[in-house]
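Thanks for coming, everyone. Let me put the chain on the screen and walk you through it.

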Amino acid sequence: MTTAAAAQGRGARVRSRADLPHRAEAELSADEARRIALRAQGLLGAPDRRAGVRGVLRRLGAVQLDTISVLARSHELVPYARLGAIGRDAVESAYWSGDRAFEYWSHAACLLPVEEWPLFAFRRRAFQARGHRWHVMADAERSCAAVRDRLKADGPLTATELGGAKNGGEWYDWSETKIAVEWLLDTGEVVCTRRRGWKRVYDLAERAVPDELFHDDLDDATCTRRLVAQAGAAMGVATRADLADYHRLKGEQVDAVIADTGLVPVEVAGWGKPAWADPAALATEPRGRHRTTLLSPFDSLVWDRPRTERMFGFTHRLEAYVPKEKRVHGYFAMPLLTGGRLAGRVDPARDGRTLVARQVSLAGPKAVEPMARALWEAAGWVGCDAVRIERCDDAELAARLRAAVA
């Protein structure tokens with residue numbers, strides 16, 4: 001079946017390619033695009049529990065890491081949102097056991113499937129060409145050699161074990177050793193494939209990355225082409241800016257390779273910009289059960305603010321780094337996904353075995369029951385057996401929510 005025919009069978013309104021911008025092959029409604037994106041992100045349809053956490057990572061291509069831990073750390077919340085209340089130990093084991101994943105710079109600091117190691121050769125070369133980090137080493141050659149020698153002799157080590165991560169000042173006052181090992185990670189000599197007590201454990205890449213993947217043979221164009229294709233599959237349908245943002249590429253890098261990615265030009269009603277879709281996403285109707293869940297603010301469904309506003313009409317902002325008196329929705333406000341929509345948010349905390357909803361915002365009465373359900377599921381997942389609502393921005397909805405959680 002051709003792409004256009006598949007889209008027609010799925011319900012998209014297909015016109016002559018000459019009638020649509022950038023030679024689009026299909027026209028999608030905003031609702032169709034939203035459901036395609038939800039399915040691509042693993043949030044529409046039955047969860048693939050057999051593939052598990054590893055399958056989520058492969059599907060998304062990148063899971064953002066962050067130091068903040070409220071209910072749990074963000075990299076735990078991402079598979080939870082898609083698979084439900086799987087054991088947290090199972091999540092950690094899926095990420096950090098063996099040579100399944102590595103940490104590197106993608107959308108931000110991310111966990112990446114180890115199969116993607118060759119695709120980031122272009123970024124490792126770019127670091128090497130730049131010649132330095134934003135931190136400056138007093139004696140780069142000596143410091144890097146010392147790190148190499150220690151890892152070669154003693155095996156995987158944390159920065160503390162290598163000689164200390166800090167000089168004693170602020171958090172960014174790194175020691176010479178920490179700067180050196182992070183530089184070697186940037187350029188690919190060193191890799192992090194596991195953590196210990198939330199500390200990176202560094203190892204020589206030649207030892208930790210599987211032999212068949214340990215190479216930088218791909219040229220820059222091949223790397224970016226495959227990353228753009230991966231981003232398109234992970235998002236289902238996306239604009240140029242969306243595709244660039246997923247792995248933090250430049251717009252011109254996307255332009256240079258988009259024609260060779262296999263992504264299909266489409267038009268999405270209301271977007272106002274050219275878009276591309278994964279042809280597999282156009283082949284079948286995006287149907288199935290919508291997940292009701294709380295999302296990490298760093299979840300790849302919402303990490304791009306302009307895309308989130310365009311697709312869901314939802315303004316999303318992490319306020320953890322905003323002064324307390326200027327916060328609108330709270331320190332770690334987690335969006336509520338239900339029925340394929342973003343219908344509210346909650347700033348959670350824990351008080352012993354009670355999950356505390358410090359601040360709740362709801363789109364309307366229909367969001368009350370889904371929020372209560374999402375709070376109870378999250379509470380059970382993190383070992384809480386009670387839920388308490390502290391504040392809600394609507395008094396009537398607050399009363400309904402307290403009744404619902406009771």
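Start at G42, which follows helix 2 and has a positive phi, near 80 degrees. Helices here are DSSP runs of H or I with at least four residues, strands are E runs of at least two, and both are numbered from the N terminus. A word on the model: it is predicted, local features need pLDDT of at least 70, side-chain atom pairs count only at pLDDT 80 or more, and totals for chains, interfaces and linings use all residues. Residues are numbered from 1 along each chain as its sequence is written, and side-chain values use heavy atoms, with hydrogens and water left out.

Back to helix 2. How many of its residues are buried? The count is 9 of 11, so helix 2 is mostly covered. Buried means under 20% relative accessible area, exposed means over 50%, and partly exposed is in between, with a 1.4 Å probe and protein chains only. The buried residues of helix 2 are E32, A33, R34, R35, I36, A37, L38, R39 and A40.

Now the domains. The assignment gives domain 1 as 24-290 and domain 2 as 317-405. Such bounds come from an automatic or database domain assignment. The two centres, taken over C-alpha atoms, are separated by 29 Å. The contact takes 17 residues from domain 1 and 18 residues from domain 2. Contact here is heavy atoms within 4.5 Å.

What about area? Domain 1 and domain 2 bury about 1,600 Å² between them, and 68% of that is on carbon and sulfur atoms. Buried area is the accessible area, 1.4 Å probe, that two parts lose on being put together, summed over both. On the domain 1 side, I68, V70 and L71 lose the most area to domain 2. Together they account for 42% of what that side buries.

Next, the polar side of this interface. There are 7 residue pairs in polar contact between the domains, both residues at pLDDT 80 or more. A polar contact is a pair of N or O atoms within 3.5 Å; within protein, one must be able to donate a hydrogen and the other to accept it, and residues adjacent in sequence count only if both atoms are side-chain atoms. Which elements give two or more residues to the domain 1 side? They are helix 2 (30-40) and helix 4 (74-83). By class, that side has 10 nonpolar, 2 polar and 5 charged residues. For the classes, Ala, Val, Leu, Ile, Met, Phe, Trp, Tyr, Cys and Pro are nonpolar, Asp, Glu, Lys and Arg are charged, and the others, Gly among them, are polar.

**Salt bridges**

Side chains of opposite charge can pair when their charged atoms come close. The rule used here is a side-chain nitrogen of Lys or Arg within 4 Å of a carboxyl oxygen of Asp or Glu. It gives 29 salt bridges. Across the interface of domain 1 and domain 2 it finds 1. R341 and D31 form a salt bridge, at 3.7 Å from N to O.

Look at D216 and R124 next. Their closest N and O atoms are 2.6 Å apart. D216 sits in the loop between helix 10 (205-208) and helix 11 (220-235), and R124 in helix 6 (residues 121-130), so the pair ties together parts 92 residues apart in sequence. R124 is buried, at 1%.

Then D242 and R310, at 2.9 Å, N to O. D242 is in helix 12 (residues 240-246) and R310 in helix 15 (residues 305-312), so this bridge ties together parts 68 residues apart in sequence. D242 is buried at 2% relative accessibility, while R310 is partly exposed at 25%. There is also a network: salt bridges that share partners join D31, R34, R35, E285 and R341.

**Backbone notes**

Two residues to check on screen. W198 is not a glycine, yet has a positive phi of about 65 degrees. W198 lies in the loop between strand 5 (190-196) and strand 6 (199-204), and is partly exposed at 22%. R248, also not a glycine, has a positive phi of about 55 degrees. R248 is in the loop between helix 12 and helix 13 (251-257), partly exposed at 42%.
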